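The sequence and the model come before the points.

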Amino acid sequence: STLDWPNWTLPTLAYREAAPGRHLQLGIARARAAAPLLDHLTANPAFSEGWATYAEDLAKELGAYEKDPAGRLGYLQSLLFRAAHMVADTGIHHDRWTRDRAVAYLVTVTGLPLAAMQSEIDRSIVWPGFACAAMIGREKIRNLREDADIELGPDFDLKSFHDAVLAGGARPLGALESDIRDWIASRRPAPPALPQS
């Protein structure tokens with residue numbers, strides 16, 4: 001519930017959950033013609049959570065916080081929360097932290113409300129690695145974007161890159177990487193024709 005979150009965190013939450021985040025990603029995925037049934041039966045949190053987390057960065061890049069210093073603070077706290085959540089997720093499943101210890105850790109590190117952190121830890125308990133998946137997916141998308149920008153140079157188009165990322169729906173990161181490599185290859189200018197003798 002948004003009542004669990006301070007007002008200054010809501011812009012980043014909206015960018016994550018709505019546009020350019022999860023709602024946009026899911027809408028594009030559902031609109032695909034002849035999407036495989038498997039897409040509706042499986043979850044790929046590294047992709048979907050990764051895109052949502054990447055969307056937070058994208059909102060910042062697009063200038064969403066230029067006139068909203070409180071919103072920028074919310075964005076920075078979201079980054080802190082994602083990092084702390086990975087620590088708590090790992091603490092629970094590797095180091096055998098108790099629920100109370102993990103909740104206390106998140107509240108102490110992030111300053112976010114107790115009820116919200118209890119909910120996040122409960123999700124981590126029943127879905128191991130979920131918090132880590134978000135950051136792994138974010139980093140994969142960022143790395144693929146950087147690679148595409150380097151390889152295509154002036155022919156790189158960010159909107160087209162995002163279309164390529166989203167067009168295939170939520171999928172394993174290996175499939176995403178393969179799709180983006182194909183997209184990069186399709187965008188490279190054709191080599192000049194050799195002169196005929």
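How far from a polar atom of the side chain of S186 does the backbone oxygen of W183 lie? Point 5 takes up this matter.

1. Basis of the note. This is a predicted model, in which local features need pLDDT of at least 70 and side-chain atom pairs count only at pLDDT 80 or more, while totals for chains, interfaces and linings use all residues. Residues are numbered from 1 along each chain as its sequence is written, and side-chain values use heavy atoms, with hydrogens and water left out.

2. The chain as a whole. The chain has 10 helices and 0 strands; these are DSSP runs numbered from the N terminus, with helices being H or I of at least four residues and strands E of at least two. Its C-alpha trace spans about 80 × 40 × 30 Å along the principal axes. Of the 197 residues, 40% are buried, where buried means under 20% relative accessible area, exposed means over 50%, and partly exposed lies in between (1.4 Å probe, protein chains only).

3. Residue D57. This residue is found in helix α4 (residues 45-61). D57 has a relative accessible area of 3% and is therefore buried. Its side chain is joined to that of R138 by a polar contact of 2.6 Å. A polar contact is a pair of N or O atoms within 3.5 Å; within protein, one must be able to donate a hydrogen and the other to accept it, and residues adjacent in sequence count only if both atoms are side-chain atoms. Neighbours within four places in sequence aside, D57 is in contact (heavy atoms within 4.5 Å) with Y75, L79, R138 and R142.

4. Helices α8 and α10. Helix α8 (residues 130-152) packs against helix α10 (residues 173-187) at an angle of about 15°, and their axes are 11 Å apart. Axes are lines fitted to C-alpha atoms, for helices over the stretch in contact, and angles run from 0 to 180 degrees between N-to-C directions. Among the residues making the contact are I136 and L144 of α8 and L176 and W183 of α10.

5. Residue S186. Helix α10 also holds S186, which counts as exposed because its relative accessibility is 55%. The backbone oxygen of W183 lies 2.8 Å from a polar atom of the S186 side chain. The C-alpha atoms of S186 and A134 are separated by 28 Å, and these residues are 52 apart along the chain.
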